[in-house]
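I opened the notebook to follow the chain through its strands, helices and core. These are my entries, in the order I looked things up.

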Amino acid sequence: MSKLYFRYAAMNAGKSTALLQVAHNYEERGLRVLLFTAAHDDRVGNGQIGSRLGLVRPAATFGPDTAFERERLEQLAGCPLACLLFDEAQFLSPDQVRQLHRMAHLQQLPVICWGLRSDFRGEAFAGAATLLTLADDVEEMKTICACARKATMNLRIDAQGRRVQQGEQVVIGGNERYRAVCPACFYADDAGTVAPGLFG
Ligand SMILES: [Zn+2]
């Protein structure tokens, strides 16, 4: 039985690296996969998934109006697909997550999503909240805060390294604009004071 999987983590936990490894594992067995990333993600250029270890691969992009249906996706890929892999899955709409869940179960196509759970204010991304609700298999990828505790939240910082606490949920400025932190550091920094070492 095919499933919808959600692998969530804070920033810089290696989500894109994990996705590229899974793609490689499928292809090594002669199976084809389709990679997707959010259309606005220009960290490594539109339509690419890049890991911080240096691997980069082209990817299809999804926007708010992208519809997911197995037959159309296999036309896009030009071959039968064994799996769909999504990077930046927090940017899927709740409706799109529902389509993917339905597709996994009714059209027997597994879907693996990697993404953030919460934004820089500690609020849920709508896509992540729906994935946490519907995914058949949910797993946290772990990463650490500068204080050595487990990092589960994300800070946004400006070009001068100061914390930003207000603004749009999505600002595409590259990974250097975010820090994965533990909840203690996230809240300790509420007043604007920055924990030693966090931005070192
Ligand atoms: Zn910490």
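**Entry 1: helix H2.** I began with helix H2, residues 70–77. Of its 8 residues, the number buried is 0, so H2 lies largely in the open. I then checked what comes after H2 and found Gly78, with a positive phi near 80°. I note here that the model is predicted.

**Entry 2: the whole chain.** I counted 5 helices and 13 strands in the chain. Buried residues make up 34% of the 200 residues. I also looked at the contacts with a separation of 6 or more. Of these, 74% are between residues 24 or more positions apart.

**Entry 3: strand S1.** Is S1, residues 4–8, enclosed or open? I found 5 of its 5 residues buried, so S1 is largely enclosed by the rest of the structure. I wanted to see this face by face. In a regular strand the side chains alternate between the two faces of the sheet. On one side of S1 I found Leu4, Phe6 and Tyr8, and on the other Tyr5 and Arg7; all are buried, and both faces are covered.

Next I looked for the partners of S1. Strand S7 (residues 111–115) runs parallel to S1 and is joined to it by 5 bridges. Strand S8 (residues 137–140) is also parallel to S1, with 4 bridges. Phe6 stands opposite Cys113 in S7, and its bridge partner in S8 is Val138.

**Entry 4: helix H1.** I checked the length of H1 (residues 15–28). At 1.5 Å a residue its 14 residues should span 20 Å, and the end C-alpha atoms are 20 Å apart, which agrees. Then I listed the buried residues of H1: Lys15, Ser16, Leu19, Leu20 and Ala23. Seen down the axis of H1, the buried residues fall within an arc of 135°, so they line one face of the helix. On the other side of H1, Gln21, His24, Asn25 and Glu28 are exposed.

What covers the buried residues of H1? The cover includes S1, S7, strand S2 (33–38), strand S3 (48–50), strand S4 (56–58) and strand S6 (83–86). After H1 comes Gly30, with a positive phi near 80°.

**Entry 5: helix H4.** I turned to H4 and found Gly127, Ala128, Thr130 and Leu131 buried. Down the axis of H4 the buried residues fall within an arc of 165°, so they line one face of the helix. They pack against S1, S7 and helix H3 (94–106).

Entry 6: Glu123 sits in the loop between S7 and helix H4 (126–134). I counted 10 C-beta neighbours inside 10 Å, so Glu123 counts as exposed; the cut-off for exposed is 12 or fewer. I also looked up Gln169, which is 46 residues from Glu123 along the chain. Their C-alpha atoms are separated by 9.0 Å.

**Entry 7: the three-stranded sheet.** I traced an open sheet of 3 strands, in the order S12-S11-S13, with antiparallel pairing. Its edge strands are S12 (163–164) and S13 (178–181), each pairing on one side only. S11 (residues 153–157) and S13 pair antiparallel over 4 bridges.

Is S13 covered on both faces or on one? I found both faces covered. Tyr178 and Ala180 on one side and Arg179 and Val181 on the other are all buried.

**Entry 8: the core.** In soluble globular proteins, nonpolar side chains tend to be buried together. Here I looked up the largest nonpolar core, which has 50 residues. Those with the most contacts inside this core are Phe36, Leu84, Leu85, Phe86, Val111, Cys113 and Val181. Domain 1 (4–141) and domain 2 (150–191) both give residues to the core, so it lies between them.

Leaving aside neighbours within four places in sequence, Cys113 is in contact with Tyr5, Phe6, Arg7, Phe86, Ala89 and Leu131. Another, Leu131, is among the buried residues of H4.

Note on methods:
Residues are numbered from 1 along each chain as its sequence is written. This is a predicted model: local features need pLDDT of at least 70, side-chain atom pairs count only at pLDDT 80 or more; totals for chains, interfaces and linings use all residues. A residue is buried if 20 or more other C-beta atoms lie within 10 Å of its own, exposed if 12 or fewer, and partly exposed in between; C-beta atoms are placed from the backbone. Helices (H or I, at least four residues) and strands (E, at least two) are DSSP runs, numbered from the N terminus. Two strands pair if DSSP finds at least two bridges between them. The expected span of a helix is 1.5 Å times one less than its number of residues. The arc is that of the directions from the helix axis to the C-beta atoms. Two residues are in contact if their C-beta atoms, placed from the backbone, lie within 7 Å. A nonpolar core is a set of buried Ala, Val, Leu, Ile, Met, Phe, Trp, Tyr and Cys residues joined through C-beta atoms within 7 Å. Domain bounds come from an automatic or database domain assignment.
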